[in-house]
Amino acid sequence: MLSQIRGLSRHFTEETLRTYLLDRSARVEDGCLVVRGYGSQRGVHQKVAGRAWAHIAAYVAFVGDYDPELEVDHVCGVPDCIEPTHLRQVSHAENCRSRKQQPRCRNGHDREIDTRTGRYRKVCRRCNGDAQKRWRERQARQVAEGRASYGRVAE
C-alpha cells in the first residue's frame, strides 16, 4: 500500500509513518490535526516523509484503502490538515467542484460574477488592471533608461 504513494521514502512502514506524522503534527482548536512539513508557511499543502504530500500519506497510514486514481480531499478545507476523519477520496472533477470560492481577491477587492458560468471570476479586474499599469510604467522606464544609456534623449 505504501508503495503507491509517490515520493514517499522507502524506509517507512505503516506504523513508523503513523508515528512520524503524529510527531510532526499538532491539534488546533477547530479539530484539525495540522502537520508541520518541510515548508514554514501555514495553510498550504505540506510535504513530509521524503517528498510525499502529507495528507495522502496520512490517508494511507490512518484510513487505508487508497486508490491512486482518485484524489484525497479535505472535508474541512484546511490543506495542511491530516485528521483522518477530515480526509476522503474523490474524483478530480468532484474535488474541483467542491472547492470553495472566495468572494474577495487576496488584495481585498470584491470579486465579480462571471455571467457565463455563474461563478466568481478567477482574476480580479482591479488587480489585473493595476498589474498591467505597473507593467506599462516599468516598460516605459526601461525604454527611457535604454535610450539614455545610448545618449538619446527621451521623446
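This is a predicted model: local features need pLDDT of at least 70, side-chain atom pairs count only at pLDDT 80 or more; totals for chains, interfaces and linings use all residues.
Trainee: How much of the protein is buried?

Mentor: Of the 155 residues, 29% are buried.

Trainee: What share of the contacts join residues at least 24 apart in sequence?

Mentor: Take the contacts between residues at least 6 apart in sequence: 39% of them join residues at least 24 apart.

Trainee: Now the inside. How do I read a nonpolar core?

Mentor: Here is the general idea: in soluble globular proteins, nonpolar side chains tend to be buried together. In this model, the largest nonpolar core has 17 residues. Leu17, Leu21, Tyr66, Val72 and Ile82 have the most contacts inside it. Helix H1 (14-23), strand S2 (33-35) and helix H2 (54-63) each give this core at least two residues. The largest share, 7 residues, comes from H2.

Trainee: Which residues does Leu21 touch, apart from its neighbours within four places in sequence?

Mentor: Leu21 is in contact with Val48, Ala57, Ala58, Ala61, Phe62 and Ile82.

Trainee: And H2 itself, is that helix mostly covered or mostly open?

Mentor: Mostly covered: 8 of the 10 residues in H2 are buried. They are Ala54, His55, Ile56, Ala57, Ala58, Tyr59, Val60 and Ala61.

Trainee: What comes after H2?

Mentor: Gly64 follows H2, and its phi is positive, near 80 degrees. Now look at Asp65, in the loop between H2 and S5. Asp65 has a positive phi as well, about 55 degrees, although it is not a glycine.

Trainee: Is Asp65 buried or exposed?

Mentor: Asp65 counts as exposed because its relative accessible area is 67%, and the cut-off for exposed is over 50%. Asp73 has a relative accessible area of 8%, so it counts as buried. Leaving aside neighbours within four places in sequence, Asp73 is in contact with His86, Leu87, Arg88, Val90, Asn95 and Ser98.

Trainee: How do I read a helix, such as H4?

Mentor: A general point first: an α-helix has 3.6 residues a turn, so residues three or four places apart point the same way. Helix H4 (residues 125-149) has 25 residues. From its first C-alpha to its last, H4 reaches 36 Å, close to the 36 Å expected at 1.5 Å a residue. Just after H4 comes Gly151, with a positive phi of about 85 degrees.

Trainee: How accessible are Cys76 and Cys96?

Mentor: Cys76 is partly exposed, at 31% relative accessibility. Cys96 is also partly exposed, with a relative accessible area of 26%.

Conventions:
Residues are numbered from 1 along each chain as its sequence is written. Side-chain values use heavy atoms; hydrogens and water are left out. Buried means under 20% relative accessible area, exposed over 50%, partly exposed in between (1.4 Å probe, protein chains only). Contact means heavy atoms within 4.5 Å. A nonpolar core is a set of buried Ala, Val, Leu, Ile, Met, Phe, Trp, Tyr and Cys residues joined through side-chain atoms within 4.5 Å. Helices (H or I, at least four residues) and strands (E, at least two) are DSSP runs, numbered from the N terminus. The expected span of a helix is 1.5 Å times one less than its number of residues.
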